[in-house]
Amino acid sequence: MDLLSLAPLDLLYLKIGPNALLRFPRLLKIQTFWEFFNRVDAVARSPYIIRITRTLIYMMYLIHLNACAYYAMSTWEGIASNTWVFQGIGNAYVRCFYFATKTATSIGKNPKPTNEYEYTFMTFSWLMGVFIFAFLIGQIRDIVATATQSKTQFRQLMDNAVKYMHRLNLPDDLQRRVRLWLNHTWEYQKTLNCCVDESSILDSLPKKMKTDIAIQVHYGTLTKVQLFKVDMISH
């Protein structure tokens, strides 16, 4: 695919003149673009940034295509031939890219179309902005949600742990120690090897801390047992 994308069709410029269609094989390099981002995603420390960058590149490329189409329309109708086409002032690519961005995102006032071709172009551009850009923005939302999923689960774990300790009527000092340990573990490991259900929510605690909790929970019950009373008196 890389060799096909480098086919020297540009040499035909010498015979037929510049023609953008002769550069079409360059699009075959898209598989290299995908492979690059897949490999970087696999080894990057922050893969979510890579995924957002790739999505933004897709958005910029779509705007680029729309800008090229707008300039082609302007050239076909005639530069500055009416108020809608490119007026030939300033840098052509920058002006057309600005026009395409406003059209695709439906912001700002654009010149009013003057014929059916221009109305068709604007309608297609707006539809592309509504559907394609909405899809890409949804992708960014999903990426951000996935990036913060672990943090959300940790907050849920903390809330459940606090409620569970309240139900057990643990002393405030012991509750504070548990919260500090959970926060400390999260800050350094970014993960907690425990579930969010009450039966196992405190299983990840150190043995000494779990012993203290067990004593606080069961001490009142143990002191009511006659056997333990005798044993405690003898000691």
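Predicted model: local features only at pLDDT ≥ 70, side-chain atom pairs only at ≥ 80, totals over all residues.
**Exercise 1. Find what share of the 235 residues is buried, and what share of the contacts is made by residues 24 or more positions apart.**

Solution. Begin with burial: 27% of the 235 residues in the protein chain are buried. Then turn to the contacts with a separation of 6 or more: residues 24 or more positions apart account for 54% of them.

**Exercise 2. Compare the annotated transmembrane region with the model.**

Solution. First, look up the record: the unreviewed UniProt entry places the annotation "transmembrane region" on residues 55-73 and 119-137. Now check each stretch. Residues 55-73 are 100% helix and 0% strand, with end C-alpha atoms 27 Å apart. Residues 119-137 are 100% helix and 0% strand, and there the end C-alpha atoms lie 26 Å apart.

**Exercise 3. Describe how helix α3 packs against helix α4.**

Solution. Step one is geometry: α3 (residues 30-43) and α4 (residues 47-77) pack at an angle of about 160°, their axes 9 Å apart. Angles over 145 degrees count as roughly antiparallel, so α3 is roughly antiparallel to α4. The crossing of α3 past α4 is right-handed.

Step two is the contact itself. From α3 come Phe33, Trp34, Phe37, Asn38, Val40 and Asp41; α4 supplies Pro47, Ile50, Arg51, Arg54, Ile57 and Tyr58. Finally, sort these residues by type: eight are nonpolar, one is polar and three are charged.

Methods: Residues numbered from 1 in each chain as written. Heavy atoms only, no water. UniProt positions renumbered as here; feature names shortened; annotations may be inferred. Helix = DSSP H or I, 4+ residues; strand = E, 2+ residues; numbered from the N terminus. Axes fitted to C-alpha atoms, helices over the stretch in contact; angles between N-to-C directions. Parallel < 35°, antiparallel > 145°, perpendicular 65-115°, else oblique. Left-handed = near helix turned anticlockwise from the far one by under 90°. Contact = heavy atoms within 4.5 Å. Nonpolar A, V, L, I, M, F, W, Y, C, P; charged D, E, K, R; others polar. Buried < 20%, exposed > 50% of the residue type's maximum accessible area, 1.4 Å probe, protein only.
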